[in-house]
Amino acid sequence: MSDENVVYIGSKPVMNYCLAVLSSLQGDGSMVSLKARGRAISTAVDVAEVTKNRFMEDLKVENIEIGTEELESTEGRMRNVSTITIVLKKG
């Protein structure tokens, strides 16, 4: 999967990411991957569900991967941050 078929989820509104998913699927790609960390995980789930239920009825959740990354905090300590990758497939 190329980098253009990856949507990184952050703190923007859900509809901004839905449009990014739709535009990614309009091109050659039949798959798009949503990646999020920490508090953005719930937004990633919302993006997948809103896109699937409102805009593309034939969109399927191909795969969901969860994990943990170790990041350095502002104080210099290492902390664990949860991650999720949701792969959506057209058709």
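Pairing is counted if DSSP finds at least two bridges between two strands. Strands of a sheet pair through backbone hydrogen bonds, either parallel or antiparallel.

A word on what you are looking at: this is a predicted model, in which local features need pLDDT of at least 70 and side-chain atom pairs count only at pLDDT 80 or more, while totals for chains, interfaces and linings use all residues. Residues are numbered from 1 along each chain as its sequence is written, and side-chain values use heavy atoms, with hydrogens and water left out.

Now step back to the whole chain. You will find two helices and four strands, which run β-α-β-α-β-β from the N terminus on. These elements are DSSP runs, numbered from the N terminus: helices are H or I with at least four residues, strands are E with at least two. Along the principal axes, the C-alpha atoms fill a box of roughly 45 × 25 × 20 Å.

The four strands make an open sheet in the order β1-β2-β4-β3, with mixed pairing. β1 (6–8) and β3 (59–72) each have a single partner strand and stand at the edges, so one side of each is left without a neighbour in the sheet. On average, neighbouring strands are turned by 20° against each other, direction ignored. Helix α1 (residues 14–26) packs on this sheet and touches β1, β2 (31–37), β3 and β4, with its direction at about 150° to that of β2. Helix α2 (residues 41–55) lies across β2, β3 and β4 and runs at about 10° to β4. For these angles, axes are lines fitted to C-alpha atoms, for helices over the stretch in contact, and the values run from 0 to 180 degrees between N-to-C directions. Contact means heavy atoms within 4.5 Å. Among contacts in the chain with a separation of 6 or more, 67% are between residues 24 or more positions apart.

Next, the charged side chains. The model has two salt bridges, each being a side-chain nitrogen of Lys or Arg within 4 Å of a carboxyl oxygen of Asp or Glu. One joins R37 and E69, with the closest N and O atoms 3.0 Å apart. R37 lies in strand β2 and E69 in strand β3, so this pair ties together parts that are 32 residues apart in sequence. R37 is partly exposed at 43% relative accessible area, and E69 is partly exposed at 35%. Here buried means under 20% relative accessible area, exposed over 50%, and partly exposed in between (1.4 Å probe, protein chains only). The other salt bridge links E49 and K52 (3.5 Å, N to O); both lie in helix α2, three residues apart, about one turn of the helix.

Buried residues make up 35% of the 91 residues. E57, in the loop between α2 and β3, counts as exposed at 61% relative accessibility. From C-alpha to C-alpha, E57 and K90 are 9.2 Å apart in space, although 33 residues apart in sequence.
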